[in-house]
Every structure is written in structure tokens, then in C-alpha cells.
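The following note sets out points to follow with the sequence and the model side by side.

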Amino acid sequence: MTSPITSRIAVFPGSFDPFTIGHFDIIERAVPLFDQIIIAIGINSQKKYLYSLEQRLDFINNCFSQVDSVTTATYTGLTINFCQSVNANFLLRGIRTVGDFEYEKTIAQLNKSLAPQIESIFMMCAPQYSHISSTIVREIIKNEGDLKPFLPDGVLKGMEGMQE
Ligand code: ADP
């Protein structure tokens, strides 16, 4: 057996374009499980985003300003390299569908062979949020639909602030 883990640090990586109520629910449920959760936005220069990096960070920070154990960060390159740079021992992901499972399984096994000390942890999506994705939310934004059911208050406030 390896020595016991003293501090449980988890990275929750994603693009969060934007951070949805599904993401929020995962974090809310994960807070009691970890000493620290770093919500980390991966920067992919090839990808086009609806919201800038700063906006996406602001939205997430608005949601967790009262929660000391939740912080945000950005990174480029491999997620496991970022995990190692912040001494994280857990990589947290959410699973909505069989499709998510298949994808996550491949990535987790790949990560395990690259960084065996980092454990991937999966949380099953709450049933009421399984249809919610950032892609769907971006469609609703483009078509000016009601965003309230899909976004946490902190993100809605952040978006309202942008329009002022
Ligand atoms: P990525 O582009 O890396 O999939 P996302 O920002 O789309 O990043 O999602 C980050 C994580 O949140 C992923 O593990 C994803 O499966 C999970 N996730 C996304 N939407 C939901 C949801 N509605 N409920 C639970 N988990 C979710």
C-alpha cells in the first residue's frame, strides 16, 4: 500500500463555455468529499469559444465566492500535467450518458498509464440535469431563449452584468 493521502485535492477540468447548472451540481455534491476543488479551464487555441476565458472564469468565481475550498485556474497542455503542477491527486468528471462513459473511460485509462498516482473520480449526473450541456445552452443563448433553468445564479448574474 502507498502512504495515505493527507490532503484531497481534485481538479474539475472542462471548457465551461458556459458553466451550467449541471456543472454546478457536480461541484456542490463534491465539496464535502475534497479538501480543495480546482475548477480548471483548459485552453485550446484551436477552439472557438462563445465566452472569453475571463468571462468564463468570472461566471464560475461568481458561483463560489463564498466557498473557500473551491478555486479556479486555467491551463494549457495535458490535464494530468496540470494536476501534477497543483499537487492534485484526483481528477473529477461528470457522467451524463453512455457516450460520456465511453469517452471518459478511454481518457481515464490513458491518464492512469501516464500518471498512476492520479485517480479519476466520476460523479453520475443528477437525472434532472442529464439533458443539459454547454452546447445546448449556447444554442439557447443564440436563439434568445430563457436561460434560467440551465444556469446557476452566479452565471446568470455575470451575464446580466455584461449587458449593462
Ligand atoms: P469538456 O469539453 O472537457 O467535456 P465540459 O465543460 O463540457 O468540458 O464539461 C466538463 C465536465 O462536466 C465533464 O466531465 C462533463 O461530462 C461534465 N458535465 C457537463 N455537463 C454536465 C451535466 N449536465 N451534469 C453533470 N456533469 C456534466
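1. The model discussed here is predicted. Strand S1 (9-14), helix H1 (21-30), strand S4 (90-95) and helix H4 (98-114) each contribute at least two residues to the shell around the ligand.

2. How many residues surround the ligand? There are 16, and the closest are Ser15, Phe16, Gly94, Tyr129 and Ile132. Sorted by class, this shell contains seven nonpolar, five polar and four charged residues. As for its location, the ligand sits in the largest pocket.

3. A backbone N or O atom of Ile132 is 2.8 Å from a nitrogen atom of the ligand. Arg96 places a polar side-chain atom 3.2 Å from a nitrogen atom of the ligand, and His23 has a polar side-chain atom 3.3 Å from an oxygen atom of the ligand. On its own, the ligand has 550 Å² of accessible area, of which the protein covers 85%.

4. The buried residues are Ile21, Gly22, His23, Phe24, Asp25, Ile26, Ile27 and Ala30. At the start of H1, a side-chain oxygen of Thr20 comes to within 3.1 Å of the backbone nitrogen of Gly22.

5. The loop between S1 and H1 holds two points of backbone geometry. As background, most residues other than glycine have a negative phi, and most peptide bonds are trans. Phe16 lies in this loop, and its phi is near 45°, a positive value in a residue other than glycine. Phe16 counts as buried because its relative accessibility is 3%, and buried means under 20%. Pro18 is also placed in the loop between S1 and H1. The peptide bond from Asp17 to Pro18 is cis, with omega near 0°.

6. Another positive phi is found at Asn87, where the angle is about 60° although the residue is not a glycine. Asn87 belongs to the loop between helix H3 (79-85) and S4. Is Asn87 buried or exposed? Its relative accessibility is 59%, so Asn87 counts as exposed, the cut-off for that class being over 50%.

7. Ile39 is part of strand S2 (residues 36-42) and counts as buried at 0% relative accessibility. Ala73 is located in strand S3 (residues 70-75). With a relative accessible area of 18%, Ala73 is buried, because the limit for this class is under 20%.

8. Ile39 and Tyr103 are 64 residues apart along the chain, and their C-alpha atoms are separated by 20 Å. For Ala73 and Gln84, eleven residues apart in sequence, the C-alpha to C-alpha distance is 14 Å. The reader may locate both pairs in the model.

How values were computed. Residues numbered from 1 in each chain as written. Predicted model: local features only at pLDDT ≥ 70, side-chain atom pairs only at ≥ 80, totals over all residues. Heavy atoms only, no water. Near = heavy atom within 4 Å. Polar contact = N/O pair within 3.5 Å; in protein donor to acceptor, adjacent residues only side chain to side chain. Areas by Shrake-Rupley, 256 points an atom, 1.4 Å probe, with all protein chains shown as cover. 1 Å grid on protein atoms, 1.4 Å probe; cavity = no way out; pocket = protein on both sides within 12 Å on 5 of 7 lines; lining within 4 Å. Sits in = over half its atoms within 2 Å of the grid points. Helix = DSSP H or I, 4+ residues; strand = E, 2+ residues; numbered from the N terminus. Nonpolar A, V, L, I, M, F, W, Y, C, P; charged D, E, K, R; others polar. Buried < 20%, exposed > 50% of the residue type's maximum accessible area, 1.4 Å probe, protein only.
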